[in-house]
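Okay, thanks for coming, everyone.

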Amino acid sequence: MDDTNEPSERERPPALAPADEAMLARAQTLREITDAALRDVAQLYPADDHGSVLRDALFIHGLAERLVDQAVIAERERGASWTDIGSAASSSRQAAHERWNTTVGAWVLMERRRTGIGRGPADPATHARYLDDWYADLVDEQQAISALLPSLHDEAARAEANSHRAEAKQLHERAEELRKEIDAAYTAAMEATGTGAAGEKREVWAAKHLARAEVYNRLAAIEEPLSVEHRRRATAQRKVAKDIVRDRAPELLTDDGARERVYAAYADLTPQERSGSSRPVADLLAERLGGVNVASVRKHLAPLIEANRHKERIAACSDPHTAYATAETLIRDYSQMSASPGTFWREQSRALLAFYLMAAALDDADAEAIEFWVTHPDDPRPVELLRSGPVPQWADEYEQILSDKKHRANPLLIIQSALQGARPRHTAQKEKSQ
């Protein structure tokens, strides 16, 4: 059939409830393991075929690893907590979460259903019958697999599950829309600094974050396997909104609004006017502001200049060479101030930090975004940004470094320490005062 005869859109077979989809995928893997094991028991290996016994064993080992991942997914769908999973795996809750959270996230990204690609029929009813027949040939028990899938025979349960899938897709799209609206609201709030509209713009900015928090709250209710992550995101969004509103009053009341006026006037300066030392910049702003004395301008200007230069430093990292050079400088400065990390970890941290700097520059973000990514290494945002950047292969290198979940804490801790040492002083002072 040529392309002209292909239907424009193929309707996917109605999926089962997520827990049943997970159990059906698990049953398929168990069949593949069983078939491979039975085949290998009577396998004749030629004397000159060296390595084939090991290859067959490794094939089953790979299937077993997939089975473990599917078991974790099934447990999450059945309501097991990460503490439960950690206990079953003889590990801590945190270790279990770090080991399998990406796997569960990928499952949710696939709408909590089997892909149907190379893993049995896409239609769940057909797939269940296919496995029923296979199992019946082995043990003479009828419909053994189908009996484990309640929603296979419950149309209402399937309809509800698919309704939640559709809603989750819409919510994820809304979360992305709100991210863009938040960026626009932030820009509007900054541009309104020092004007009568500043308060209103900040309220709009905060409201966008609260709206995003509500999206994540709803996702936590209908995407149970990632409920912990969704609730954490909702909490973070509410905190940001609270900080936006809370920070507004001090800015309006401090020093008769001098801080706002200095910030607004500084934003109006050209890059050339900002490039000088702080003293001539302060003199220029005092001249333009009129009613604000030079001493007050300098007091508010010092942290502003430092923060702006820090942001410009990151913004320049959209160039790969600049990203690597900046990362090298930050890691070197950290190494000189503390016990120098080993060469291997220093190289790993430098490369990873360069990737973070590039992602932040592409996202027009600042050091706080990098610090968030460092403490949330499974966040997909950096990879998405790197793949769209000037060096797409950096995304693969980034994923390769972070794929070693046993040792990735080493470069991440080095980066975190390097960033803390390099952050603008006023930020550290603000955190200390809080």
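So, of the 434 residues in this protein, 40% are buried. Keep in mind that this is a predicted model. As for secondary structure, we have 19 helices and 0 strands. And if you take the contacts between residues at least 6 apart in sequence, 65% of them join residues at least 24 apart.

Now let's go to helix α4, residues 93-109. How far apart should its ends be? With 17 residues at 1.5 Å a residue, α4 should span 24 Å, and its end C-alpha atoms are 23 Å apart, so the two agree. Still, α4 has a kink of about 50 degrees, centred on tryptophan 100. Trp100 is also one of the buried residues of the helix, along with Ala96, His97, Asn101, Val104, Trp107 and Val108. And just past the end of α4, glutamate 111 has a positive phi, about 65 degrees.

Next, the neighbour. Helix α2, residues 52-77, packs against α4 with the axes 10 Å apart and an angle of about 70 degrees. Angles of 65 to 115 degrees count as roughly perpendicular, so that's what we call α2 and α4. Which residues make the contact? From α2 they are Val68, Asp69, Val72, Ile73, Arg76 and Glu77, and from α4 they are Trp100, Thr103, Val104 and Trp107. Sorted by class, that contact has 6 nonpolar residues, 3 charged and 1 polar.

Note on methods. Residues numbered from 1 in each chain as written. Predicted model: local features only at pLDDT ≥ 70, side-chain atom pairs only at ≥ 80, totals over all residues. Heavy atoms only, no water. Helix = DSSP H or I, 4+ residues; strand = E, 2+ residues; numbered from the N terminus. Expected span 1.5 Å × (residues − 1). Bend = angle between axes of the 7 residues up to and from the residue. Buried < 20%, exposed > 50% of the residue type's maximum accessible area, 1.4 Å probe, protein only. Axes fitted to C-alpha atoms, helices over the stretch in contact; angles between N-to-C directions. Parallel < 35°, antiparallel > 145°, perpendicular 65-115°, else oblique. Contact = heavy atoms within 4.5 Å. Nonpolar A, V, L, I, M, F, W, Y, C, P; charged D, E, K, R; others polar.
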